[in-house]
Amino acid sequence: MIIKTPIDLELTQLSGQTSQPPWAEVDGTFSNVVNVGGKPVIFNARQSGEFLDFDFKGDISQDEAVSKLSYIFDLDFDLDKFYKYLGNHAELAEMSKFCNGLRLFLAHDPFECIISSICSANNSIKRWTKSISQIKCNWGNQHGDYYTFPQSNVLLNVYLDSEEESDLSDISDIESCTDNLKNCGVGYRAPYMRKASELFTDEMDLHDISKMSYDEAFESILKVPGVGPKVADCILLYGFNFREAFPSDVWIKRIVSHLYFDGKDISVAKVREFGMEEFGKNAGYVQLYLFHYARKSGLMSKLK
């Protein structure tokens, strides 16, 4: 079935958004298992002209499938209106040419987004997506060729590292201890992942976050160990669809400074504040487009 809303599916999938790793791709078809109303559904999505074509396997209706995919790929967002918005701002006017069809890739599992975002800190896209995919294969539930992300109460009980696994299991040879988080390449982030799992198992309800105001949600997410302002904004944008979030790091700082502040050395905190005030409900999309425009136009290499 074709959903007649423009999207660049590959660009959206591979744009490094911390909602989740890219779906498995074979010959241009991206596939994954998605929980829809408590039911596992395998989606296959592919590009059809400028639109998205898909099929699915699972015990849900076609309307439910369309609704879920429309959410994940943000197909109800009016890109043409957004491009007019960009065109009315001299600093942003060229971005739609370099990022045409790029959409938010929203989390179908907010907890996966939280762990993905923690894993992405000071990490490459290639490495964090590999780590999260490995966590899914190790401790998620298998459906066909795909795996769901483990729930917080499952991840809470995973060994942190080979030393803990050796101490608490029947395996005496530490070299044989591979059933642990650090073996997935998450490094120093493993304790943060456990503490986040404990928090969302025992203290904080994920569903409450989407009901909060942005400020309340931001402060709540900052309580998660290993989460600073940039990671918190990634979680709120990609995991909970808060469009006013403006994730800011050193790269966004350099890009915004170049475009708006004559290259002056301004703080990351100032950039975040500027982005939220300047772009309002478009802040999340503008940030996404700023980063990929800088990559694809060659601006980023000039700012290094």
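Which residues does Ser116 touch, not counting residues up to four places away in sequence?

1. Start with Ser116. This is a predicted model. In it, Ser116 touches Thr18, Ser19, Gln20, Pro21, Trp128 and Ile132, leaving out residues up to four places away in sequence. Ser116 sits in helix 5. Its relative accessibility is 0%, so Ser116 counts as buried.

2. Now helix 6. This helix covers residues 125-139, which is 15 residues. From first C-alpha to last it reaches 21 Å, close to the 21 Å expected at 1.5 Å a residue.

3. Look at which side of helix 6 is hidden. Trp128, Thr129, Ser131, Ile132, Ile135, Lys136 and Trp139 are buried. Seen down the axis of helix 6, these buried residues fall within an arc of 160°, so they line one face of the helix. Lys126, Arg127 and Lys130 are exposed, on the other side of helix 6. Note that Lys136 is among the buried residues, whereas Lys130 is exposed.

4. What do the buried residues of helix 6 pack against? Their partners include two strands, strand 3 (29-36) and strand 7 (146-147). They also pack against helix 5 (110-120), helix 7 (152-155) and helix 9 (190-202). Trp128 and Ile132, both buried in helix 6, are among the residues that Ser116 touches.

5. Last, a helix pair. Helix 11 (residues 214-221) and helix 12 (residues 229-240) have axes that come within 9 Å and cross at roughly 125°. That angle makes helix 11 oblique to helix 12. The crossing is right-handed. Helix 11 makes the contact through Tyr214, Ala217, Phe218 and Ile221. Helix 12 contributes Pro229, Ala232, Asp233, Ile235 and Leu236.

Technical notes. Residues are numbered from 1 along each chain as its sequence is written. This is a predicted model: local features need pLDDT of at least 70, side-chain atom pairs count only at pLDDT 80 or more; totals for chains, interfaces and linings use all residues. Side-chain values use heavy atoms; hydrogens and water are left out. Helices (H or I, at least four residues) and strands (E, at least two) are DSSP runs, numbered from the N terminus. The expected span of a helix is 1.5 Å times one less than its number of residues. Buried means under 20% relative accessible area, exposed over 50%, partly exposed in between (1.4 Å probe, protein chains only). The arc is that of the directions from the helix axis to the C-beta atoms. Contact means heavy atoms within 4.5 Å. Axes are lines fitted to C-alpha atoms, for helices over the stretch in contact, and angles run from 0 to 180 degrees between N-to-C directions. Angles under 35 degrees count as roughly parallel, over 145 as roughly antiparallel, 65 to 115 as roughly perpendicular and the rest as oblique. A crossing is left-handed if the near helix is turned anticlockwise from the far one by less than a right angle, and right-handed if clockwise.
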